[in-house]
Amino acid sequence: MNMSYHQARWARGDRLEPLVFELSSKDRKGIRLPQKLPARPEIPDELIRDSLELPELSEPEVVRHYTRLSQMNYGVDLVFYPIGSCTMKYNPKICDELAALEEAAFIHPDQDEDTVQGALELMYRLEHFLSEIGGVSRVCLHPSAGAHGELLGMLLTRAYHSSRGEDRSDVIIPDSAHGTNFASGAMAGFHVVIIPSNNRGRVDLEALKAAVSDRTAALMLTNPNTLGLFEDEILEIAEVVHEAGGLLYYDGANMNGVLGKVRPGDMGFDIVHFNLHKTFSTPHGGGGPGAGPVGVVQKLEKFLPVPTVEYDRKRRRYYLDYDRPESVGKIRSFYGNFGVLVKAYVYIMMMGPAGLREVGETAVLNANYVMRKMADVRGFEVKFNGPCKHEVVFSAEPLKRETGVTARDVAKRLLDYGMHAPTYYFPPIVPEALMVEPTETETKEELDRFVLAMRAIAEEARSDPEKLRRAPTRTAIERLDEVKASREPILSWRMYKNRAKL
Amino acid sequence: MVHQYIPNVSKIRKQMMDEVGIKDIEELFADVPQEIKLDRELRLPPPMSEPEVRRHLSSILSKNKPFTRMPTFLGGGVWPHHVPSHVRSVIHRSEFLTSYTPYQAEVSQGVLQALFEFQSMICELVGLDVANASMYDWATALGEAALMCARVTGRRKFIVPEIISRDRLSVLQNYTSGAHLRIVKIEPEKDTGQLNLKKLRREVDEDTAGVYIENPSYLGFLETRVDEIAEIAHKVGARFVVGVNPISLGIIKAPGDYGADIVVGEGQPLGNPVNFGGPALGIFACRDDEKLIRQLPGRLVGMTTTRNGETWGYTMVLQTREQHIRRERATSNICSNEALCAVAAAIYLASLGPTGFRDLAETCAANAKYAMDGLNRIDGLEAPVFDSPHFNEFTLRCERPGLSIEKFNRELLKHGIHGGKTLKKEFPELGETSLLCVTEIHTKEDIDLLLEAASRIVK
């Protein structure tokens, strides 16, 4: 392996790049404002602010500071980013460029509908694209993220059951699910029932049958699941849940693995969320903004949030429909993360139907290729047989048994090889889990490099385990004291100054 | 067809399939039941090249009338401000743009430090010690604040003003319904619009988890008796929650300085475009009180040192509150947030600095006052409707018989102006009223155009 790599490190004394407050110099300013108009606002004295502590910098200083910070950050444009369940694929630049156009970025949600026909048309068309892709009847574009979509899904579930005069309390979730599922179910007031996976890494049908009852409101399921395995008994699962009167909720985090191949609606799901920042390639922005539209089957349409976007064929005009008496109302302000919706729309237009299928197939081929190549690397194993979908979960348990080195150490060492770490210790049902999702936008050469790096790391674990425990050393900073960080949290410059005084 | 984003084509693909031991890609989907496999192509438009998609999108979007080409007086939750070029340029650095949540701190110091700086500057603005790394928007931040009050106090009632955006109220109700919170609305004083304190006193009790106000309010006026409200809330052991447009805090007292325990708000105006309402940027801050901190929703970035104690750095902290660890007992389900918008806000605030930020707030308020006075001088119009001080938003009532506010706005549109937001659906009792917003982007010409058009319309 070529080890000449080192991440940028901007440092001064015991700090990396100083905090912006420490770069401040009196009377500097980075933005010049227009002249204010001659009028005196009547703010009462007791409400007037007397001081404000913000840093004082000129524009070039601000730009240099944040550009330096950006260099101490891994992004997909820089490195292989195989973080499982996160689908960190390449984000086409054209999408960002078009979303930044004035006609998209500088329109107000309360403008007269006649002046935003383009925005409404785009949302209307995107809704139809996603409905077709998910095999559902309608899609609400409002949710800001996957978890937000889950919360909406749970509110829709409740609305549906109460409309039938039923008070159902339980949401069933497999133990391999994303943490958000449990939290979303609980947030919506449901009792969360956790069922174990079987020895094939899939939903245990018997456990599911034992768990369903007339209290069952829904089953939340990710398919392919977090082990990267397709729930091949999905039709039986759907039958069990539907027979008990429950709904089936689809967590779309892993949709990249079945894109264009099989649709959640056809699997029997009633509610489906899409992660536009995963499957549809909108950039993740260091944690957001994303978008988590929610699709539903016909019987749930009437509960969707207001407003929906409709088209008046006679008048050839798009409009917002608030007149939906059974709607659950709002789950956020306005109509969703429009800026993200534009990017996903452009992505779908660029890919076309065959392109999207190719995304699904190649993502799956790439993951299986990595799984196959890793089979020859001693120290890692795959717990479940058969082909995976878009991601594969390795267990570093053999390596740990042999060398004492953990999955975390392996992941941290991978950072030194100029790659992002896989997700580790998730799903919790696999010991020393390393969850790898290569995505369709990586080359075979890069996948080979990853396998080589894993092999080299396994060797290092045997020859010099201490090196892995110290890793990473070629990044902007070494491992941080996370325990101290949470025991005595310093969450702002103010808190830091207060602590320093003590 | 070879796709430009998918590098493993034909020969390479074949090679990989050989390695995997398959002849047909379908073998990898053998576990998908045959009867549900999609046996056709998705019904979507055929793929486009870049020039085609650019033309296609331009043609759709050209039907929009952005407020960069004609003045808008719309606010009401997201507000038109100038987005400095350097803010846009820096957040488009692909190391920021294309990075994931900074779980791997060692390779994510950039976004972690930027978020720490965002948290720090929000703390300075609102006058509290702790802020999280963002919520989706103001409305969801409010929902989370109510839930947090309930967790901290073990109580179920959450008090809000009657004058609040109906959308925000709906979000609040949806966020709190699972926890069975009771949302109670307090009527305003008729003349001032401000919270009726007599009614508030009557409503607060041993079951009150939180008292919420907005300052400036949804309809633009200021709550002037904030110290009293804080006292009323605290007396019964409730938490005091304040919602803000952060720009106002350039001239208006920080809520932390008048007793707020939690501050929420909409951070969009801090360097982010309006974007048809999203992405937005939910602000969430609280006191340095362990009981509150342990109950915070969302991601928090903290400062710490390397394990050998030699170098300071940043990492996400108190993750045991969060869904990926605590699952159904997490403080919130939020995972993806609005990190990049928070970075934009950090760059924006660092660029304005204390005097720039005060100037900005003063300019917004002065420009709004200029517009308000001008409109109020027009026979047949009243602005503002409420007898209270205002920041940069205000109500405008059309009192000309036979002239509805919708008609008034349609006429403004003909004059090349996006008028205010009609309030008839939300507050029918206010009559023919709309909500207007003025900021630093409005020139004298913009406002004079509005005044001229308005006087012509009501004549």
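**Core and helix packing in a predicted model**

Leu115(B) is in contact, meaning C-beta atoms placed from the backbone lie within 7 Å, with Ala133(B), Val301(B), Ala339(B), Ala342(B) and Val343(B), residues up to four places away in sequence being left out. The model is predicted: local features require pLDDT of at least 70 and side-chain atom pairs pLDDT 80 or more, whereas totals for chains, interfaces and linings use all residues. Residues are numbered from 1 along each chain as its sequence is written, and chains are lettered from A, with ligands numbered from 1, in the order in which they are written.

Leu115(B), together with Val346(A), Ala285(B) and Val343(B), touches the most other members of the largest nonpolar core, which comprises 325 residues. Such a core is a set of buried Ala, Val, Leu, Ile, Met, Phe, Trp, Tyr and Cys residues joined through C-beta atoms within 7 Å; buried denotes 20 or more other C-beta atoms within 10 Å of the residue's own. Helix α12 (residues 339–376) of chain B supplies the largest share of this core, 24 residues.

α12(B) packs against helix α14 (residues 444–458) of chain B at an angle of about 15°, the axes lying 10 Å apart. The two helices are therefore roughly parallel, a term for angles under 35 degrees. In this contact, Asn367(B), Tyr370(B), Ala371(B), Gly374(B) and Leu375(B) of α12(B) meet Ile447(B), Leu450(B), Leu451(B) and Ala454(B) of α14(B).

In chain A, Lys26(A) is located in the loop between β2 (15–16) and α1 (59–71). Lys26(A) is exposed (12 or fewer other C-beta atoms within 10 Å), because 8 such atoms lie within that distance.

Conventions. Helices (H or I, at least four residues) and strands (E, at least two) are DSSP runs, numbered from the N terminus. Two residues are in contact if their C-beta atoms, placed from the backbone, lie within 7 Å. Axes are lines fitted to C-alpha atoms, for helices over the stretch in contact, and angles run from 0 to 180 degrees between N-to-C directions. Angles under 35 degrees count as roughly parallel, over 145 as roughly antiparallel, 65 to 115 as roughly perpendicular and the rest as oblique.
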